[in-house]
Amino acid sequence: MDASASARPLGNADELINAVGTFIFDCDGVIWKGDKLIDGVPETLDMLRAKGKGLVFVTNNSTKSRNQYGKKFEELGLHVTEEEIFSSSFAVAAYLKSIDFPKDKKVYVIGEEGILKELELAGFQYLGGPGDSEKKIELRPGYMMEHDENVGAVVVGFDRHFNYYKVQYGTLCIRENPECLFIATNCDAVTHLTDAQEWAGGGSMVGALVGSTQREPLVVGKPSTFMMDYLSNKFNIEKSKICMVGDRLDTDILFGQKGGCKTLLVLSGVTSLSMLQDPKNAIQPDFYANKISDLLSL
């Protein structure tokens, strides 16, 4: 879609459904909010499956592995297979595999269990993660922090136990280890830890390392095209036959647009109608709707 054109309200859902073979859904703000399912989601997914549409669920949240996300879908009463779930924690492992990251090198993780589980499944060595949450630095005269010179990548994701030890350790690896990669799961400004308010997102942790290393990370989550390329190759789907459905303009909708897909913004999460229609907003989806169950009103 021409970015200068304005988004249209989803009038004829049938037309969009017929033009699309696969729907990619963001999770938080689209399928659920916090731990609460959004109204009409099960019926909508059932209808799309009945019409033979492929469904894929893509989340920038790296705190869980694909297996753990599968359990969350199950708890909410949704039947989704692990193959249909793409979290940014999985994207990290998939990216390292795609570049043949050496198995004798280590990955330092600033983030939660999801990243560790996916790295482990892919056969990569790692350190950090939740294990560094209680570590403190005693700054005494002449103190110098040691770091593992065999770390070849630092991965930063959302981390509820972010601390100065992790910042310094990651900074040393990036700045001092030759050719050390700096990878971010995502740079989301905010996230929904509860459905009561917005909370500082993974971008705040990534920003700390950008500030200390003066380097920009390689982002594997949305809106980076890595996940879209991976998905279209894995499922052998034409990008023009995909519709990306999300609640954020700067991640979900931009992700769809960069990937050459159709885009549908739902107003059940981060983005409000006034934000979408703000003259300063340059990211315009093809369509917008209140929530995904608007696809049912054929």
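This is a predicted model: local features need pLDDT of at least 70, side-chain atom pairs count only at pLDDT 80 or more; totals for chains, interfaces and linings use all residues.
Our theme is charge. Side chains of opposite charge can pair when their charged atoms come close. Searching the whole structure turns up 12 salt bridges, and we'll visit some of them.

**Stop one: select R248 and D188.** These two form a salt bridge, with 3.9 Å between the closest N and O atoms. R248 sits in the loop between β14 (242-246) and α9 (249-258), while D188 is in the loop between β10 (181-184) and β11 (190-191), so the pair ties together parts that are 60 residues apart in sequence. Are they buried or exposed? Both R248 and D188 are buried.

**Stop two: select D26, K222 and D252.** Here salt bridges with shared partners join the three residues into one network.

**Stop three: select D35 and K72.** Their salt bridge has its closest N and O atoms 3.2 Å apart. Look for D35 in the loop between β3 (32-33) and β4 (36-37) and for K72 in helix α3 (residues 66-75); the pair therefore ties together parts 37 residues apart in sequence. D35 is exposed, at 66% relative accessible area, whereas K72 counts as buried at 10% relative accessibility.

**Stop four: select R160 and E112.** Their side chains meet in a salt bridge, 2.6 Å from N to O. R160 is in the loop between β9 (151-156) and α6 (164-176), and E112 is in the loop between β7 (106-110) and α5 (113-121), so distant parts of the chain, 48 residues apart, are linked. E112 counts as buried, with 9% relative accessibility.

Definitions and conventions. Residues are numbered from 1 along each chain as its sequence is written. Side-chain values use heavy atoms; hydrogens and water are left out. A salt bridge is a side-chain nitrogen of Lys or Arg within 4 Å of a carboxyl oxygen of Asp or Glu. Helices (H or I, at least four residues) and strands (E, at least two) are DSSP runs, numbered from the N terminus. Buried means under 20% relative accessible area, exposed over 50%, partly exposed in between (1.4 Å probe, protein chains only).
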